Structures are given as C-alpha cells and as structure tokens.
Amino acid sequence: MGLREDHLLALPHQLSGGQRQRVCLTRALAADPQLLICDEVTSSLDVVVQGATIDLIKRLQKERNLTVLFITHDFGLALQMADRTMVLYKGELVEEGPTRKLIANPQHEYTQNLVISAQLGE
C-alpha cells in the first residue's frame, strides 16, 4: 500500500492526505471484502496523489478481484474507473448506462452539466 512501518504509530495529522487515504484503504481491505465503496475518495487530494490513489485502487481491484463502487461528481474520474455509471440528481436516478456511452450522449440536464464541468463534452 506504499506505507512505511512508522506510519502505524502516526496520528492522522502527522500523515499527508495520500497517506491517510492509503491507511483508510488498508483498514477497509483488512476484512478481505468483495466490495469496496469509495465515496469521493480523491476529492481532497492534489492531482499527482489523486492519480496514484486511482492507480492503487485499480491495482487492488485486479489483484483481489474486487468490485468497486466509485462515488464521484467528477466524470473524468468516472471515465477512468467505471464500466457503468449511474447519475443521481436530488436523490433520484436520472440516467445510467455504460460510462463511455453516457458521457458521449448525456440525456439529462444534470448529466450534461457534469460532462461539461469535466471538460469531456468536446
């Protein structure tokens, strides 16, 4: 997971954002789950650490045959992580389908705005 032994004794404020995320992933995976739920897992990370975290999750997904439910507002990340995407608006499902198709042809206004904000609509 990219953590050192001395991280075991560190307090949260002594770790970087990326290190804290890896500690959280380590704790979540300790029970050897079949499903990992990642809710805005990269939202507070800089671009470099965000990329490393995504790479780590993808590697774990393959190595452990792990299903990942990836919750995000960032369609750029959804495109990297998801085979299928569901779009919720005000708590209701408004659109779903294969991620690439959904991004290429969004039907709901909220989905269209998410695609535009991720600069994927061109």
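This is a predicted model: local features need pLDDT of at least 70, side-chain atom pairs count only at pLDDT 80 or more; totals for chains, interfaces and linings use all residues.
Entry 1: I began with the total, and the structure holds three salt bridges. A reminder to myself: side chains of opposite charge can pair when their charged atoms come close.

**Entry 2: Asp32 and Arg64.** I looked up Asp32 and found a salt bridge to Arg64, with 3.5 Å between the closest N and O atoms. Where do the two partners sit? Asp32 is in the loop between helix H1 (17–29) and strand S1 (35–39), while Arg64 belongs to helix H2 (residues 47–64), so this pair ties together parts 32 residues apart in sequence. I checked accessibility too: Asp32 is exposed at 56% relative accessible area, and Arg64 is partly exposed at 36%.

**Entry 3: Arg59 and Glu63.** Next I stayed in helix H2, where Arg59 and Glu63 are four residues apart, so about one helical turn separates them. Their side chains meet in a salt bridge, 3.2 Å from N to O. Buried or exposed, I wondered about Glu63? Glu63 counts as exposed, with 53% relative accessibility.

**Entry 4: Arg84 and Glu96.** Arg84 is in strand S3 (residues 84–89) and Glu96 in strand S4 (residues 92–98), so I have a pair that links distant parts of the chain, 12 residues apart. For Glu96 I wrote down 42% relative accessibility, which makes this residue partly exposed.

Note on methods. Residues are numbered from 1 along each chain as its sequence is written. Side-chain values use heavy atoms; hydrogens and water are left out. A salt bridge is a side-chain nitrogen of Lys or Arg within 4 Å of a carboxyl oxygen of Asp or Glu. Helices (H or I, at least four residues) and strands (E, at least two) are DSSP runs, numbered from the N terminus. Buried means under 20% relative accessible area, exposed over 50%, partly exposed in between (1.4 Å probe, protein chains only).
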